Amino acid sequence: MSAEEGCKRSLEFSVPAEEVEAETEAVVKKVQERAKMPGFRPGKVPASIIRKQYAGEVRKQVLESVIPKHLQQRFEAEDLKVVGQPDISDIHFEAGEPLTFKAEFEVIPVVELQDYKGLTVPYHGPEVTDADIDQRIEELRQSKAEFVNEDPRPLQDGDFAVLSLESLTPIDTPIKQDEMTLEVGGESTMEGFTENLRGMSPGEEKEFDVLYPEDYQPNLAGKTVRFRAAVKGVRRKELPEVNDDFAQDLGDYRTLEELRESVRKSLFAQRQYDAQQEAKNKLVETLVDMHDFAVPEAFVDQQIKNRIEQRLRAMGDQGRDLKNLKLDWAKVKETHHEPALREVKASMLLSRISEREAIAPNREELDREVDRIARQQREPFAAVRLRFEKDGTLGRIYSHLQTQKTLDFIFEHARKTEE
């Protein structure tokens, strides 16, 4: 039996004929009050005629009233946490007889937690060397570079060519820029451009082919594109000297040493975060492996849909054309089922742990996150919070913070090893 099948339930119901008849009479009376038929005053059409002329509507309203009520009573009596809407079948509804039907549904399983404290996880504390700081300082130095125009001369490696560029080969997204800058021989400049730009001088124009690698962005990957380039100017990069003045130019630093210390703290914090995230991910994998329990199929299907939507958004962001994309849902489910199942299990386990340990974000933590988002969006805090309360975003933020705090708890109680 699969994990999903272990959550499926089936119940049979029988509603006494007397209750069904009482509800039928109540529905008939409501219909009678608004029914209009020739030969009768409003509200005076006999009930017998109503039962006959409005049989379909009466039946529908009776079922919509009786079935949900008995489902709810049974679920509460048997303490069933039902997922989604039950599938109702085998309805028997005849005058003077009990109403019978069958309900099939899934339930949230009871998760029996194993010992989640003291789990072993590899964890390496972060280190920041002088070389790391030097590299970051150099990146900051590069960001402060100035580009100085040179007198017209042939381009050589290290120069920054100012040029116009136009693609001549038909491609999905044509390239046409009246002015752009390319570093001749630069790491980010494709060899095809460097080879053809090297030696050109301002005022010269040239057509040439560039072969794009197979791992390039989808609309250009593996293609040979012909370009027309016209060189407009030559620039060289001037870098600032790394000293106290450089530090002061970057922010509230008096000396270069203060800047280096700030860089060290920033690198340490980022590496500590990354290392802890890696350890937490491994702890979650361990938790899932430790627990064997059923999972509602509806949860797994929803998670698969979430995964696919994320993939499609990523493809769209990369410029992929999704208009003609056709998905084989059966194949998608087969491919993504196992990882989606593990993700759902992880979510259920973390939720259960947070419940047992009474872990939850407080008002201050929730407001701090809303304030962070409000600052990013440059909107008033009160307006953002009100909007989040109405559209359900605040609940999602609450759940996210609760999950993070639960992961922090598990990590804090884990046994870290260097292996």
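**Loops, cores and pockets in a predicted model**

Student: Where does Ala358 sit?

Tutor: Ala358 is in the loop between α9 and α10. Keep in mind that this is a predicted model.

Student: Is Ala358 buried or exposed?

Tutor: Ala358 has 65% relative accessibility, and because the cut-off for exposed is over 50%, Ala358 counts as exposed.

Student: And Asp79, what about its phi?

Tutor: The phi of Asp79 is near 55 degrees, again a positive value in a residue other than glycine. Asp79 belongs to the loop between α3 and β2 (82-92). Its relative accessibility is 58%, so Asp79 counts as exposed.

Student: Switching to the inside. How many residues are in the largest nonpolar core?

Tutor: The largest nonpolar core has 32 residues. Leu283, Leu287, Val295, Leu349 and Ile410 have the most contacts inside it.

Student: Which elements give two or more residues to this core?

Tutor: Those elements are α7 (256-290), α8 (297-317), α9 (329-356) and α12 (393-412). The most comes from α9, with nine residues.

Student: What about a second core?

Tutor: There is a second, separate core of 23 residues, and Leu11, Phe13, Val28 and Leu63 are among them. As a general point, nonpolar side chains in soluble globular proteins tend to be buried together.

Student: You mentioned Phe13. Which charged end sits over its ring?

Tutor: That of Arg74, at 4.9 Å from the centre of the Phe13 ring. Elsewhere, Lys345 lies over the face of Phe293, with 5.3 Å to the ring centre.

Student: Aromatics next. How many pairs does a search of the whole structure find?

Tutor: The search finds seven aromatic pairs. One of them is Phe75 with Phe105, which is edge-to-face, with 4.9 Å centre to centre and 65 degrees between the planes.

Student: Which parts of the chain does that pair link?

Tutor: The pair links distant parts: Phe75 is in helix α3 (residues 55-77) and Phe105 in strand β3 (residues 99-107), 30 residues apart.

Student: Are those two buried or exposed?

Tutor: Phe75 and Phe105 are both buried.

Student: Why is the pair of Tyr212 and Tyr216 called tilted?

Tutor: The ring centres of Tyr212 and Tyr216 are 4.8 Å apart and the planes lie at 55 degrees.

Student: Which residues form an aromatic cluster?

Tutor: Phe193, Phe208 and Phe227 form one.

Student: How does the lining of the largest pocket divide by residue type?

Tutor: Into 17 nonpolar, 16 polar and 15 charged residues.

Student: How much space lies in the second largest pocket?

Tutor: About 350 Å³. Its lining has 14 residues, with Glu369, His400, Leu401, Gln404 and Asp408 closest to the centre. α7, α10 and α12 are the elements that give two or more residues to this lining, and α12 gives the most, with five residues.

Student: How does this second lining divide?

Tutor: The lining of the second largest pocket has three nonpolar, four polar and seven charged residues.

Student: Last one. Where does Val231 lie?

Tutor: Val231 is in strand β9 (residues 224-238). The residue has a relative accessible area of 4%, so Val231 is buried. Val231 and Ser164 are 67 residues apart in sequence and 6.7 Å apart in space, C-alpha to C-alpha.

Technical notes
Residues are numbered from 1 along each chain as its sequence is written. This is a predicted model: local features need pLDDT of at least 70, side-chain atom pairs count only at pLDDT 80 or more; totals for chains, interfaces and linings use all residues. Side-chain values use heavy atoms; hydrogens and water are left out. A nonpolar core is a set of buried Ala, Val, Leu, Ile, Met, Phe, Trp, Tyr and Cys residues joined through side-chain atoms within 4.5 Å. Buried means under 20% relative accessible area, exposed over 50%, partly exposed in between (1.4 Å probe, protein chains only). Helices (H or I, at least four residues) and strands (E, at least two) are DSSP runs, numbered from the N terminus. Rings of Phe, Tyr and Trp (its six-membered ring) pair if their centres lie within 6.5 Å; planes under 30 degrees apart count as stacked, over 60 as edge-to-face and the rest as tilted. A charge sits over a ring if NZ of Lys or CZ of Arg is within 6 Å of the ring centre and within 35 degrees of the ring normal. Ala, Val, Leu, Ile, Met, Phe, Trp, Tyr, Cys and Pro count as nonpolar, Asp, Glu, Lys and Arg as charged, and the others, Gly among them, as polar. On a 1 Å grid over the protein atoms alone, a cavity is a set of points where a 1.4 Å probe fits but cannot get out, and a pocket is an open set with protein on both sides within 12 Å along at least five of seven lines; lining residues have an atom within 4 Å of a point. Grid points are joined across faces, edges and corners, and a volume is the space filled by probe spheres set on the points.
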